[in-house]
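Hi,

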Amino acid sequence: MNTTLHRGSRVAHDTMAALSNSYFGKNGLAKAGDEKFADVLNPSTAEVIGSISDLTEKQVDDVVRDANAAQREWYALSALDRAELIHEAGRRVREDQRLIAEILSTETGKPFKESYDEVSWAITAMDYFAEVGRHAIGTVQGPATAGQLHYTIKEPMGTAVIILPANYPIVLSMWTGAAALAAGNAIIIKPSEWATLTTLAFVRAFEVLPAGLVQCVPGTARTSSQLVSHADTHQVSFTGSVPTGRIVAKACADTFKPFIIEASGSDPFIVMPSANLDVAARGAAFAAFINGGQVCTSTEKLIVHTDVYDEFMGKFRKHIAALRVGHPLDKVDVGPMENARELARVTRILERAIEQGAQATLGGKRPAIADESLASGFFLEPTILEGMTRDMDIYMQEIFGPVVAVYRVSSFDDALDLANGSPFGLGANLYSADIVEIDRANQELIAGMVWINAPLLDNDAGPFGGRKMSGIGRQLGAEGLDTFRHAKFIIVDAKQSEQNFWWFPYDDSEAF
(Lines give C-alpha, C1' and ligand atoms only; values in the text may rest on other atoms or scores of the structure.)
Protein backbone atom coordinates (compact mmCIF):
# COMPACT_ATOMS: atom_id res chain seq x y z
CA MET A 1 0.00 0.00 0.00
CA ASN A 2 1.27 3.44 -0.94
CA THR A 3 1.74 5.47 2.24
CA THR A 4 3.14 8.64 0.69
CA LEU A 5 1.88 11.56 2.74
CA HIS A 6 0.98 14.28 0.25
CA ARG A 7 -1.48 15.71 2.77
CA GLY A 8 -2.77 14.83 6.21
CA SER A 9 -1.50 13.31 9.40
CA ARG A 10 0.41 10.11 9.95
CA VAL A 11 -2.23 9.11 12.53
CA ALA A 12 -4.98 9.22 9.91
CA HIS A 13 -2.96 7.23 7.36
CA ASP A 14 -1.98 4.63 9.97
CA THR A 15 -5.60 4.37 11.10
CA MET A 16 -6.78 3.77 7.53
CA ALA A 17 -4.16 1.06 7.12
CA ALA A 18 -5.33 -0.61 10.33
CA LEU A 19 -8.98 -0.46 9.21
CA SER A 20 -8.30 -2.08 5.83
CA ASN A 21 -9.81 -5.52 5.22
CA SER A 22 -11.72 -5.45 8.49
CA TYR A 23 -15.26 -5.16 9.76
CA PHE A 24 -16.74 -3.98 13.05
CA GLY A 25 -18.55 -6.82 14.77
CA LYS A 26 -19.45 -8.13 18.19
CA ASN A 27 -15.83 -8.09 19.35
CA GLY A 28 -14.89 -4.78 17.74
CA LEU A 29 -12.65 -4.68 14.69
CA ALA A 30 -12.11 -8.10 13.15
CA LYS A 31 -10.64 -9.47 9.95
CA ALA A 32 -13.11 -9.72 7.10
CA GLY A 33 -13.11 -12.60 4.63
CA ASP A 34 -10.07 -13.33 2.53
CA GLU A 35 -11.68 -12.02 -0.66
CA LYS A 36 -10.47 -8.46 -1.27
CA PHE A 37 -12.91 -6.77 -3.62
CA ALA A 38 -11.62 -3.19 -3.91
CA ASP A 39 -8.69 -0.90 -3.34
CA VAL A 40 -9.50 2.34 -1.56
CA LEU A 41 -8.26 5.28 -3.60
CA ASN A 42 -7.60 8.82 -2.49
CA PRO A 43 -9.78 10.73 -5.02
CA SER A 44 -7.43 13.71 -4.90
CA THR A 45 -4.40 11.71 -6.08
CA ALA A 46 -5.80 8.33 -7.24
CA GLU A 47 -3.29 6.67 -4.88
CA VAL A 48 -4.16 3.47 -3.03
CA ILE A 49 -4.72 4.19 0.67
CA GLY A 50 -6.31 0.92 1.76
CA SER A 51 -8.36 -2.05 0.68
CA ILE A 52 -11.71 -3.67 1.45
CA SER A 53 -12.58 -7.32 1.84
CA ASP A 54 -15.98 -8.92 1.44
CA LEU A 55 -17.42 -10.86 4.34
CA THR A 56 -18.18 -14.51 3.90
CA GLU A 57 -21.81 -15.60 4.02
CA LYS A 58 -21.16 -17.23 7.39
CA GLN A 59 -19.69 -14.02 8.76
CA VAL A 60 -22.81 -12.13 7.68
CA ASP A 61 -25.00 -14.75 9.35
CA ASP A 62 -22.92 -14.40 12.53
CA VAL A 63 -23.31 -10.62 12.43
CA VAL A 64 -27.10 -10.94 12.16
CA ARG A 65 -27.21 -13.49 15.00
CA ASP A 66 -25.09 -11.25 17.24
CA ALA A 67 -27.24 -8.22 16.41
CA ASN A 68 -30.43 -9.96 17.46
CA ALA A 69 -28.89 -11.18 20.71
CA ALA A 70 -27.63 -7.68 21.50
CA GLN A 71 -30.99 -6.15 20.61
CA ARG A 72 -32.77 -8.21 23.25
CA GLU A 73 -30.24 -7.07 25.85
CA TRP A 74 -30.54 -3.46 24.69
CA TYR A 75 -34.31 -3.31 24.79
CA ALA A 76 -34.31 -4.80 28.29
CA LEU A 77 -32.52 -1.67 29.55
CA SER A 78 -34.44 1.35 30.75
CA ALA A 79 -35.05 4.16 28.29
CA LEU A 80 -32.86 6.35 30.49
CA ASP A 81 -29.97 3.90 30.34
CA ARG A 82 -30.26 3.65 26.55
CA ALA A 83 -30.28 7.43 26.25
CA GLU A 84 -27.19 7.81 28.43
CA LEU A 85 -25.27 5.22 26.41
CA ILE A 86 -26.15 6.90 23.11
CA HIS A 87 -24.99 10.22 24.59
CA GLU A 88 -21.75 8.55 25.68
CA ALA A 89 -21.17 7.21 22.17
CA GLY A 90 -21.71 10.75 20.90
CA ARG A 91 -19.10 12.06 23.33
CA ARG A 92 -16.62 9.49 22.06
CA VAL A 93 -17.30 10.56 18.49
CA ARG A 94 -16.60 14.14 19.56
CA GLU A 95 -13.23 13.09 20.97
CA ASP A 96 -12.25 11.60 17.59
CA GLN A 97 -14.04 14.20 15.48
CA ARG A 98 -10.95 15.69 13.84
CA LEU A 99 -9.50 12.28 12.99
CA ILE A 100 -12.79 10.99 11.56
CA ALA A 101 -13.18 14.17 9.51
CA GLU A 102 -9.64 13.87 8.14
CA ILE A 103 -10.25 10.27 7.07
CA LEU A 104 -13.57 11.30 5.51
CA SER A 105 -11.89 14.05 3.48
CA THR A 106 -9.04 11.77 2.44
CA GLU A 107 -11.32 8.93 1.36
CA THR A 108 -14.13 10.90 -0.32
CA GLY A 109 -12.60 14.23 -1.36
CA LYS A 110 -14.91 16.36 0.77
CA PRO A 111 -13.36 19.65 2.01
CA PHE A 112 -12.26 19.28 5.62
CA LYS A 113 -14.63 21.99 6.90
CA GLU A 114 -17.57 20.06 5.43
CA SER A 115 -16.28 16.77 6.84
CA TYR A 116 -15.88 18.27 10.30
CA ASP A 117 -19.39 19.73 10.08
CA GLU A 118 -20.79 16.37 9.00
CA VAL A 119 -19.44 14.65 12.10
CA SER A 120 -20.98 17.44 14.21
CA TRP A 121 -24.36 16.85 12.56
CA ALA A 122 -24.11 13.15 13.33
CA ILE A 123 -23.48 13.94 16.99
CA THR A 124 -26.48 16.28 17.21
CA ALA A 125 -28.66 13.57 15.66
CA MET A 126 -27.41 11.11 18.27
CA ASP A 127 -28.15 13.54 21.10
CA TYR A 128 -31.58 14.39 19.68
CA PHE A 129 -32.73 10.80 19.31
CA ALA A 130 -31.23 9.81 22.66
CA GLU A 131 -33.70 12.22 24.24
CA VAL A 132 -36.81 11.85 22.06
CA GLY A 133 -36.48 8.08 22.33
CA ARG A 134 -37.52 8.49 25.97
CA HIS A 135 -40.72 10.30 25.02
CA ALA A 136 -44.01 9.35 23.37
CA ILE A 137 -43.57 5.59 23.56
CA GLY A 138 -47.32 5.18 23.41
CA THR A 139 -50.73 6.78 23.90
CA VAL A 140 -53.90 6.04 25.83
CA GLN A 141 -57.16 6.13 23.89
CA GLY A 142 -60.58 6.81 25.30
CA PRO A 143 -62.11 3.32 25.60
CA ALA A 144 -64.92 2.29 23.27
CA THR A 145 -66.33 0.11 26.05
CA ALA A 146 -66.85 1.32 29.59
CA GLY A 147 -64.49 -0.04 32.19
CA GLN A 148 -61.74 -1.05 29.78
CA LEU A 149 -58.25 0.37 29.18
CA HIS A 150 -57.30 1.00 25.55
CA TYR A 151 -53.76 2.05 24.75
CA THR A 152 -50.97 1.89 22.17
CA ILE A 153 -47.30 1.10 22.75
CA LYS A 154 -44.36 1.47 20.37
CA GLU A 155 -41.94 -1.45 20.09
CA PRO A 156 -38.66 -1.82 18.16
CA MET A 157 -38.55 -3.58 14.81
CA GLY A 158 -35.59 -5.74 15.89
CA THR A 159 -32.47 -5.51 13.73
CA ALA A 160 -32.27 -2.71 11.17
CA VAL A 161 -30.00 -2.80 8.11
CA ILE A 162 -28.65 0.61 7.07
CA ILE A 163 -27.19 0.80 3.56
CA LEU A 164 -25.21 4.00 3.03
CA PRO A 165 -23.89 6.14 0.17
CA ALA A 166 -20.46 7.75 0.05
CA ASN A 167 -21.46 11.41 -0.01
CA TYR A 168 -22.59 11.69 3.64
CA PRO A 169 -21.66 8.39 5.27
CA ILE A 170 -21.42 9.65 8.85
CA VAL A 171 -24.46 11.87 9.24
CA LEU A 172 -26.75 9.59 7.23
CA SER A 173 -25.71 6.62 9.34
CA MET A 174 -27.02 8.49 12.38
CA TRP A 175 -30.11 10.10 10.87
CA THR A 176 -31.40 6.54 10.69
CA GLY A 177 -29.06 4.63 13.02
CA ALA A 178 -29.51 6.86 16.06
CA ALA A 179 -33.28 6.74 15.59
CA ALA A 180 -33.18 2.95 15.33
CA LEU A 181 -31.05 2.66 18.47
CA ALA A 182 -33.23 5.08 20.43
CA ALA A 183 -36.26 3.01 19.46
CA GLY A 184 -34.60 -0.10 20.91
CA ASN A 185 -33.22 -1.73 17.76
CA ALA A 186 -29.84 -3.15 16.81
CA ILE A 187 -28.24 -1.81 13.61
CA ILE A 188 -26.05 -3.35 10.94
CA ILE A 189 -24.39 -0.69 8.78
CA LYS A 190 -23.40 -1.55 5.22
CA PRO A 191 -21.10 1.33 4.12
CA SER A 192 -20.42 2.47 0.60
CA GLU A 193 -17.27 0.98 -0.89
CA TRP A 194 -16.14 4.58 -1.40
CA ALA A 195 -16.42 5.48 2.30
CA THR A 196 -15.79 2.21 4.13
CA LEU A 197 -12.69 3.24 6.08
CA THR A 198 -14.43 6.41 7.24
CA THR A 199 -17.44 4.47 8.49
CA LEU A 200 -15.28 1.92 10.28
CA ALA A 201 -13.36 4.73 11.98
CA PHE A 202 -16.65 6.27 13.12
CA VAL A 203 -18.37 3.18 14.52
CA ARG A 204 -15.55 2.41 16.94
CA ALA A 205 -17.19 4.93 19.27
CA PHE A 206 -20.08 2.49 19.74
CA GLU A 207 -17.99 -0.01 21.66
CA VAL A 208 -19.57 1.54 24.75
CA LEU A 209 -22.89 -0.06 23.74
CA PRO A 210 -23.69 -3.77 24.21
CA ALA A 211 -21.42 -5.93 22.03
CA GLY A 212 -22.98 -6.58 18.65
CA LEU A 213 -25.61 -3.85 18.90
CA VAL A 214 -23.87 -1.68 16.28
CA GLN A 215 -21.94 -3.49 13.58
CA CYS A 216 -20.41 -2.32 10.30
CA VAL A 217 -19.92 -4.81 7.48
CA PRO A 218 -18.15 -3.83 4.25
CA GLY A 219 -18.99 -5.80 1.16
CA THR A 220 -20.32 -6.00 -2.36
CA ALA A 221 -23.91 -6.21 -3.54
CA ARG A 222 -23.83 -9.83 -2.39
CA THR A 223 -23.49 -8.70 1.22
CA SER A 224 -26.25 -6.12 0.85
CA SER A 225 -28.56 -8.70 -0.70
CA GLN A 226 -27.90 -11.20 2.08
CA LEU A 227 -28.64 -8.60 4.75
CA VAL A 228 -31.79 -7.30 3.05
CA SER A 229 -33.28 -10.74 2.42
CA HIS A 230 -32.13 -12.33 5.67
CA ALA A 231 -34.96 -13.86 7.69
CA ASP A 232 -33.59 -12.35 10.90
CA THR A 233 -33.27 -8.71 9.82
CA HIS A 234 -36.43 -6.70 10.29
CA GLN A 235 -36.05 -3.25 8.73
CA VAL A 236 -34.03 -1.73 5.86
CA SER A 237 -32.93 1.86 5.36
CA PHE A 238 -31.36 2.56 1.97
CA THR A 239 -29.84 5.73 0.56
CA GLY A 240 -28.52 5.59 -3.01
CA SER A 241 -29.58 5.38 -6.64
CA VAL A 242 -33.05 4.77 -8.02
CA PRO A 243 -32.14 1.44 -9.73
CA THR A 244 -30.63 0.00 -6.54
CA GLY A 245 -33.49 1.42 -4.48
CA ARG A 246 -35.94 -0.52 -6.65
CA ILE A 247 -33.98 -3.72 -6.05
CA VAL A 248 -34.05 -3.16 -2.30
CA ALA A 249 -37.78 -2.38 -2.31
CA LYS A 250 -38.60 -5.51 -4.31
CA ALA A 251 -36.48 -7.69 -2.03
CA CYS A 252 -38.20 -6.28 1.05
CA ALA A 253 -41.61 -6.75 -0.56
CA ASP A 254 -41.05 -10.50 -0.78
CA THR A 255 -41.28 -10.76 3.01
CA PHE A 256 -43.23 -7.55 3.72
CA LYS A 257 -40.14 -6.20 5.46
CA PRO A 258 -40.55 -2.48 6.24
CA PHE A 259 -38.15 -0.15 4.43
CA ILE A 260 -37.26 3.48 3.94
CA ILE A 261 -35.64 4.62 0.70
CA GLU A 262 -34.01 7.96 -0.13
CA ALA A 263 -33.08 7.60 -3.77
CA SER A 264 -32.26 10.74 -5.75
CA GLY A 265 -32.98 14.40 -6.24
CA SER A 266 -32.74 17.12 -8.85
CA ASP A 267 -33.76 20.11 -6.82
CA PRO A 268 -34.98 23.41 -8.26
CA PHE A 269 -33.90 26.84 -7.01
CA ILE A 270 -36.30 29.59 -8.12
CA VAL A 271 -35.17 33.24 -8.15
CA MET A 272 -37.93 35.83 -8.55
CA PRO A 273 -37.67 39.61 -9.13
CA SER A 274 -38.46 40.50 -5.51
CA ALA A 275 -35.49 38.49 -4.20
CA ASN A 276 -32.41 40.09 -2.69
CA LEU A 277 -30.16 39.12 -5.59
CA ASP A 278 -26.90 39.45 -3.67
CA VAL A 279 -28.11 36.99 -1.05
CA ALA A 280 -29.81 34.75 -3.60
CA ALA A 281 -26.67 34.46 -5.72
CA ARG A 282 -24.54 33.48 -2.76
CA GLY A 283 -27.19 31.05 -1.51
CA ALA A 284 -27.46 29.44 -4.94
CA ALA A 285 -23.69 29.03 -5.18
CA PHE A 286 -23.69 27.18 -1.88
CA ALA A 287 -26.77 25.09 -2.72
CA ALA A 288 -25.34 24.02 -6.08
CA PHE A 289 -21.73 23.28 -5.14
CA ILE A 290 -21.52 22.15 -1.51
CA ASN A 291 -19.63 18.84 -1.55
CA GLY A 292 -19.00 19.44 -5.23
CA GLY A 293 -22.71 19.07 -5.96
CA GLN A 294 -22.66 15.50 -4.64
CA VAL A 295 -25.66 16.05 -2.41
CA CYS A 296 -29.12 14.59 -2.93
CA THR A 297 -30.61 18.03 -2.21
CA SER A 298 -28.13 19.97 -4.38
CA THR A 299 -29.55 22.69 -6.57
CA GLU A 300 -29.42 21.23 -10.08
CA LYS A 301 -32.09 23.36 -11.75
CA LEU A 302 -31.51 27.07 -11.22
CA ILE A 303 -34.72 28.75 -12.42
CA VAL A 304 -34.38 32.52 -12.83
CA HIS A 305 -37.02 35.04 -13.83
CA THR A 306 -36.12 36.85 -17.04
CA ASP A 307 -36.53 40.31 -15.46
CA VAL A 308 -33.54 39.70 -13.17
CA TYR A 309 -31.72 37.00 -15.13
CA ASP A 310 -28.78 39.05 -16.35
CA GLU A 311 -28.19 40.84 -13.05
CA PHE A 312 -28.51 37.65 -11.01
CA MET A 313 -26.31 35.58 -13.31
CA GLY A 314 -23.58 38.23 -13.22
CA LYS A 315 -23.46 37.93 -9.43
CA PHE A 316 -23.79 34.14 -9.49
CA ARG A 317 -20.93 33.66 -11.97
CA LYS A 318 -18.62 35.76 -9.78
CA HIS A 319 -19.29 33.50 -6.80
CA ILE A 320 -18.65 30.35 -8.82
CA ALA A 321 -15.52 31.72 -10.48
CA ALA A 322 -14.13 32.46 -7.01
CA LEU A 323 -14.54 28.89 -5.72
CA ARG A 324 -11.21 27.33 -4.80
CA VAL A 325 -10.74 23.80 -6.13
CA GLY A 326 -8.09 21.42 -4.84
CA HIS A 327 -7.06 18.94 -2.18
CA PRO A 328 -9.72 18.76 0.56
CA LEU A 329 -7.14 19.20 3.33
CA ASP A 330 -5.99 22.49 1.81
CA LYS A 331 -7.83 25.82 1.95
CA VAL A 332 -10.45 24.97 -0.67
CA ASP A 333 -14.19 25.18 -1.25
CA VAL A 334 -14.56 22.24 -3.64
CA GLY A 335 -12.59 18.99 -3.72
CA PRO A 336 -12.51 16.16 -6.26
CA MET A 337 -15.43 13.93 -7.11
CA GLU A 338 -15.73 10.74 -5.07
CA ASN A 339 -14.30 8.39 -7.70
CA ALA A 340 -13.41 7.95 -11.35
CA ARG A 341 -16.74 6.31 -12.18
CA GLU A 342 -18.72 9.30 -10.93
CA LEU A 343 -16.44 11.73 -12.76
CA ALA A 344 -17.00 9.82 -16.00
CA ARG A 345 -20.76 9.72 -15.47
CA VAL A 346 -21.08 13.46 -14.82
CA THR A 347 -18.78 14.22 -17.75
CA ARG A 348 -21.11 12.24 -20.04
CA ILE A 349 -24.14 14.18 -18.76
CA LEU A 350 -22.30 17.46 -19.32
CA GLU A 351 -21.18 16.53 -22.83
CA ARG A 352 -24.67 15.41 -23.80
CA ALA A 353 -26.20 18.68 -22.61
CA ILE A 354 -23.72 20.67 -24.69
CA GLU A 355 -24.41 18.40 -27.66
CA GLN A 356 -28.12 19.24 -27.28
CA GLY A 357 -27.49 22.99 -27.27
CA ALA A 358 -26.52 24.03 -23.74
CA GLN A 359 -23.58 26.40 -23.26
CA ALA A 360 -20.99 25.95 -20.53
CA THR A 361 -20.57 29.62 -19.65
CA LEU A 362 -18.20 28.75 -16.83
CA GLY A 363 -16.17 25.63 -16.14
CA GLY A 364 -16.84 22.42 -17.99
CA LYS A 365 -13.37 20.91 -17.89
CA ARG A 366 -10.64 19.75 -15.56
CA PRO A 367 -9.41 22.66 -13.41
CA ALA A 368 -5.86 23.94 -13.72
CA ILE A 369 -4.15 22.83 -10.49
CA ALA A 370 -0.48 23.64 -10.07
CA ASP A 371 0.18 20.82 -7.60
CA GLU A 372 1.46 17.91 -9.70
CA SER A 373 0.53 15.40 -6.98
CA LEU A 374 -3.12 16.05 -7.87
CA ALA A 375 -2.67 15.44 -11.61
CA SER A 376 -4.51 12.09 -11.48
CA GLY A 377 -7.24 13.24 -9.11
CA PHE A 378 -10.92 13.13 -10.05
CA PHE A 379 -11.48 16.86 -10.43
CA LEU A 380 -14.04 18.79 -12.46
CA GLU A 381 -14.44 22.55 -12.55
CA PRO A 382 -17.62 23.98 -11.02
CA THR A 383 -19.71 24.36 -14.17
CA ILE A 384 -22.61 26.58 -15.17
CA LEU A 385 -24.80 25.46 -18.08
CA GLU A 386 -27.01 28.09 -19.70
CA GLY A 387 -29.39 28.09 -22.64
CA MET A 388 -31.26 25.19 -21.07
CA THR A 389 -34.52 23.84 -22.43
CA ARG A 390 -36.91 21.32 -20.99
CA ASP A 391 -36.45 18.82 -23.82
CA MET A 392 -32.78 18.22 -23.00
CA ASP A 393 -31.91 14.89 -21.38
CA ILE A 394 -30.37 16.59 -18.37
CA TYR A 395 -33.76 18.00 -17.31
CA MET A 396 -34.97 14.51 -16.35
CA GLN A 397 -31.68 13.37 -14.77
CA GLU A 398 -29.92 13.71 -11.45
CA ILE A 399 -26.52 15.33 -12.10
CA PHE A 400 -24.98 14.71 -8.67
CA GLY A 401 -21.80 16.61 -9.43
CA PRO A 402 -20.35 20.13 -9.77
CA VAL A 403 -22.71 21.19 -12.58
CA VAL A 404 -25.78 23.41 -12.39
CA ALA A 405 -28.26 23.93 -15.25
CA VAL A 406 -29.84 27.39 -15.50
CA TYR A 407 -33.33 27.94 -16.92
CA ARG A 408 -34.88 31.30 -17.83
CA VAL A 409 -38.61 31.76 -17.16
CA SER A 410 -41.03 34.64 -17.70
CA SER A 411 -43.54 33.98 -14.91
CA PHE A 412 -43.95 32.34 -11.54
CA ASP A 413 -46.35 29.83 -13.09
CA ASP A 414 -43.64 28.80 -15.55
CA ALA A 415 -41.16 28.47 -12.68
CA LEU A 416 -43.46 26.17 -10.71
CA ASP A 417 -44.24 24.09 -13.77
CA LEU A 418 -40.55 23.68 -14.58
CA ALA A 419 -39.73 22.81 -10.97
CA ASN A 420 -42.48 20.19 -10.73
CA GLY A 421 -41.85 18.57 -14.10
CA SER A 422 -38.94 16.50 -12.83
CA PRO A 423 -39.44 12.83 -11.88
CA PHE A 424 -37.86 13.69 -8.52
CA GLY A 425 -39.36 15.50 -5.54
CA LEU A 426 -36.84 15.71 -2.73
CA GLY A 427 -36.35 19.41 -1.98
CA ALA A 428 -37.10 22.76 -3.59
CA ASN A 429 -35.89 26.34 -3.02
CA LEU A 430 -37.44 29.75 -3.58
CA TYR A 431 -35.89 33.19 -3.22
CA SER A 432 -38.66 35.78 -3.09
CA ALA A 433 -40.07 38.52 -0.87
CA ASP A 434 -43.55 38.17 -2.37
CA ILE A 435 -45.86 36.58 0.22
CA VAL A 436 -48.22 35.27 -2.45
CA GLU A 437 -45.35 33.52 -4.25
CA ILE A 438 -44.08 32.12 -0.96
CA ASP A 439 -47.52 30.79 -0.04
CA ARG A 440 -48.02 29.25 -3.48
CA ALA A 441 -44.57 27.67 -3.45
CA ASN A 442 -45.22 26.06 -0.06
CA GLN A 443 -48.50 24.60 -1.32
CA GLU A 444 -47.71 23.80 -4.95
CA LEU A 445 -44.09 22.62 -5.06
CA ILE A 446 -44.08 18.81 -5.14
CA ALA A 447 -41.28 18.06 -2.72
CA GLY A 448 -40.65 16.64 0.71
CA MET A 449 -38.95 19.86 1.84
CA VAL A 450 -39.25 23.49 0.74
CA TRP A 451 -36.66 26.12 1.62
CA ILE A 452 -37.70 29.76 1.36
CA ASN A 453 -34.71 32.12 1.30
CA ALA A 454 -32.70 29.62 3.38
CA PRO A 455 -31.28 26.81 1.22
CA LEU A 456 -30.32 23.29 2.35
CA LEU A 457 -30.87 23.68 6.08
CA ASP A 458 -31.76 20.57 8.08
CA ASN A 459 -33.23 20.18 11.55
CA ASP A 460 -32.96 16.99 13.60
CA ALA A 461 -36.50 17.66 14.80
CA GLY A 462 -37.99 17.99 11.29
CA PRO A 463 -38.68 15.15 8.82
CA PHE A 464 -36.37 14.64 5.83
CA GLY A 465 -37.48 12.74 2.75
CA GLY A 466 -38.93 13.04 -0.71
CA ARG A 467 -41.77 12.29 -3.08
CA LYS A 468 -42.05 10.68 -6.50
CA MET A 469 -38.80 8.92 -7.50
CA SER A 470 -36.92 10.54 -4.61
CA GLY A 471 -38.01 7.76 -2.31
CA ILE A 472 -40.41 6.70 0.39
CA GLY A 473 -40.46 7.29 4.13
CA ARG A 474 -38.93 9.93 6.36
CA GLN A 475 -35.77 10.35 8.40
CA LEU A 476 -35.37 12.66 11.41
CA GLY A 477 -38.02 14.07 13.67
CA ALA A 478 -40.83 12.13 15.29
CA GLU A 479 -41.55 10.57 11.91
CA GLY A 480 -37.98 9.28 11.68
CA LEU A 481 -38.23 7.67 15.11
CA ASP A 482 -41.53 5.97 14.25
CA THR A 483 -39.92 4.56 11.10
CA PHE A 484 -38.11 2.11 13.39
CA ARG A 485 -41.02 1.20 15.69
CA HIS A 486 -44.05 -1.05 15.52
CA ALA A 487 -47.32 0.24 16.92
CA LYS A 488 -49.17 -2.27 19.10
CA PHE A 489 -52.77 -1.61 20.18
CA ILE A 490 -53.81 -3.15 23.51
CA ILE A 491 -57.24 -3.59 25.12
CA VAL A 492 -57.49 -4.59 28.78
CA ASP A 493 -60.57 -5.49 30.78
CA ALA A 494 -59.12 -5.89 34.26
CA LYS A 495 -62.50 -6.82 35.79
CA GLN A 496 -63.08 -9.68 33.30
CA SER A 497 -66.63 -8.45 32.91
CA GLU A 498 -69.00 -10.27 30.57
CA GLN A 499 -69.56 -8.27 27.39
CA ASN A 500 -73.07 -9.50 26.73
CA PHE A 501 -73.89 -6.86 24.14
CA TRP A 502 -71.75 -8.47 21.44
CA TRP A 503 -71.02 -12.06 22.54
CA PHE A 504 -72.88 -15.28 21.72
CA PRO A 505 -75.65 -16.13 21.91
CA TYR A 506 -77.11 -13.27 19.84
CA ASP A 507 -80.32 -11.80 21.09
CA ASP A 508 -83.34 -13.00 19.08
CA SER A 509 -84.58 -9.42 18.79
CA GLU A 510 -81.62 -8.56 16.62
CA ALA A 511 -82.21 -11.33 14.09
CA PHE A 512 -83.69 -10.52 10.67
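Below is what turned up, starting with how to read the values.

This is a predicted model, so to speak: local features need pLDDT of at least 70, side-chain atom pairs count only at pLDDT 80 or more, and totals for chains, interfaces and linings use all residues. Residues are numbered from 1 along each chain as its sequence is written, and side-chain values use heavy atoms, with hydrogens and water left out.

First, the cores. A nonpolar core here is a set of buried Ala, Val, Leu, Ile, Met, Phe, Trp, Tyr and Cys residues joined through side-chain atoms within 4.5 Å; buried means under 20% relative accessible area, exposed over 50%, and partly exposed in between (1.4 Å probe, protein chains only). The largest one has 113 residues, and Phe206, Leu302, Phe312 and Phe316 have the most contacts inside it. Helix H6 (residues 169–182) is its top contributor, giving ten residues; helices (H or I, at least four residues) and strands (E, at least two) are DSSP runs, numbered from the N terminus. This core takes at least three residues from each of domain 1 (10–264 + 470–489) and domain 2 (267–452), with bounds from an automatic or database domain assignment. Apart from it lies another core, of 33 residues, including Ile270 and Leu416.

Zooming in on Phe312: leaving aside residues up to four places away in sequence, Phe312 touches Val271, Leu277, Ala280, Ala281, Ala284, Leu302 and Val304 (contact means heavy atoms within 4.5 Å).

Now the charges. A salt bridge is a side-chain nitrogen of Lys or Arg within 4 Å of a carboxyl oxygen of Asp or Glu, and the count comes to 28. A few to look at:

- Arg352 and Glu355 pair at 2.4 Å, N to O. Both sit in helix H12 (residues 340–355), three residues apart, about one turn of the helix. Arg352 is partly exposed at 33%, while Glu355 counts as exposed at 59%.
- Asp417 and Arg390 meet at 2.6 Å, N to O. Asp417 is in helix H13 (residues 412–420) and Arg390 in the loop between strand S15 (383–386) and strand S16 (403–409), so this pair ties together parts 27 residues apart in sequence.
- Arg134 bridges to Glu131, with the closest N and O atoms 3.5 Å apart.

Cheers
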